[in-house]
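Here is a note for a colleague who is opening this structure for the first time. The points below are meant to be read with the structure in view.

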Amino acid sequence: MGDHEQKPIEHPLRNPFVWMLLCILGWSVVSGLSMILVAIKTNDGVVIDDYYRQGRLINRRTELDQQAADYGLRAELSIHDSATGLQLHQGQLVSYPQQLQLTLWHSTMSGHDQTQQLLHLGGGHYSQQLPQSLRPGRWHLELKTAEWRLVGDIHVPDQTQVELSPSAMVFSQ
């Protein structure tokens with residue numbers, strides 16, 4: 001037994017590598033649980049649940065865009081605080097519609113989306129009060145009737161005016 005002396009066994013918790021591994025494991029567990037908690041508590045408004053219905057509407061939207069392009073329609077929309085004003089350029093329309101539907105979608109917060117009926121004031125001018133001012137960010141706009149639609153994007157508060165036109169998809173076909 002003389003040459004082989006036994007080294008005393010060191011307790012594992014005194015080794016710094018064990019603590020490093022335990023910290024990594026603990027951090028992973030805490031991070032994973034907090035991500036699960038955030039996923040459960042928050043609503044992802046960007047995700048559309050009804051994919052089938054949305055897919056079927058694409059053909060209808062393309063028809064409306066094509067009709068607007070055929071009529072040569074365009075519009076200029078101005079938004080100040082909660083008031084909207086619109087000038088519709090008639091193109092080949094026989095007469096101005098009495099009402100237009102304006103839908104405003106926030107790019108990330110679907111809870112703030114709005115749909116308004118714009119009333120014809122005469123000479124292609126339309127107006128309406130929004131129930132609330134638009135939140136800052138990018139908004140997608142759709143102006144439509146049963147026969148045609150115009151689209152555009154606006155960045156609030158940087159822009160107060162935007163031109164609406166038929167979707168670019170119509171021209172790429």
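This is a predicted model: local features need pLDDT of at least 70, side-chain atom pairs count only at pLDDT 80 or more; totals for chains, interfaces and linings use all residues.

**Notes on helices, strands and salt bridges**

1. Arg60 and Glu63 sit three residues apart in helix 2 (residues 51–71), which means that about one helical turn separates them. An α-helix has 3.6 residues a turn, so residues three or four places apart point the same way. The side chains of Arg60 and Glu63 do meet, in a salt bridge with an N to O distance of 3.4 Å.

2. The overall dimensions deserve attention before the details. A compact globule of 173 residues would have a radius of gyration near 16 Å, whereas the value for the protein chain is 29 Å. The C-alpha trace spans about 110 × 35 × 25 Å along its principal axes, and buried residues account for 27% of the 173 residues.

3. How far apart are the end C-alpha atoms of helix 1 (residues 16–41)? They are 37 Å apart, which agrees with the 38 Å that its 26 residues should span at 1.5 Å a residue. At the N-terminal end, helix 1 is capped by Asn15, which places a side-chain oxygen 3.1 Å from the backbone nitrogen of Phe17.

4. Helix 1 is also hardly covered, as the count of buried residues among its 26 residues is one. A nonpolar surface patch of about 810 Å² is formed by Leu13, Trp19, Leu22, Leu25, Val29, Leu33, Ile36 and Ile40. One of these patch residues, Leu22, lies in helix 1 and is partly exposed, with a relative accessible area of 43%.

5. A second salt bridge to inspect joins the side chains of Asp65 and Arg149, with an N to O distance of 2.6 Å. This pair links distant parts of the chain, with Asp65 in helix 2 and Arg149 in strand 7 (residues 149–156), 84 residues apart. Are the two partners buried or exposed? Asp65 is buried, and Arg149 is buried as well.

6. The side chains of Arg74 and Glu76 form a further salt bridge, at 3.1 Å from N to O. Arg74 counts as partly exposed at 32% relative accessibility, and Glu76 counts as partly exposed at 36%. Elsewhere, salt bridges that share partners join Asp65, Glu142 and Arg149 into one network.

7. Trp139 and Ser107 are separated by 32 residues in sequence, yet their C-alpha atoms are 5.7 Å apart in space.

Methods: Residues are numbered from 1 along each chain as its sequence is written. Side-chain values use heavy atoms; hydrogens and water are left out. Helices (H or I, at least four residues) and strands (E, at least two) are DSSP runs, numbered from the N terminus. The expected span of a helix is 1.5 Å times one less than its number of residues. Buried means under 20% relative accessible area, exposed over 50%, partly exposed in between (1.4 Å probe, protein chains only). A polar contact is a pair of N or O atoms within 3.5 Å; within protein, one must be able to donate a hydrogen and the other to accept it, and residues adjacent in sequence count only if both atoms are side-chain atoms. Patches are made of residues with over 30% relative accessible area and no salt bridge: like charges are joined within 9 Å, nonpolar side chains (Val, Leu, Ile, Met, Phe, Trp, Tyr) within 5 Å. Accessible areas come from the Shrake-Rupley method with a 1.4 Å probe; for residues, only the protein chains shown count as cover. A salt bridge is a side-chain nitrogen of Lys or Arg within 4 Å of a carboxyl oxygen of Asp or Glu. The radius of gyration is taken over C-alpha atoms; the globule rule is 2.2 Å times the number of residues to the power 0.38.
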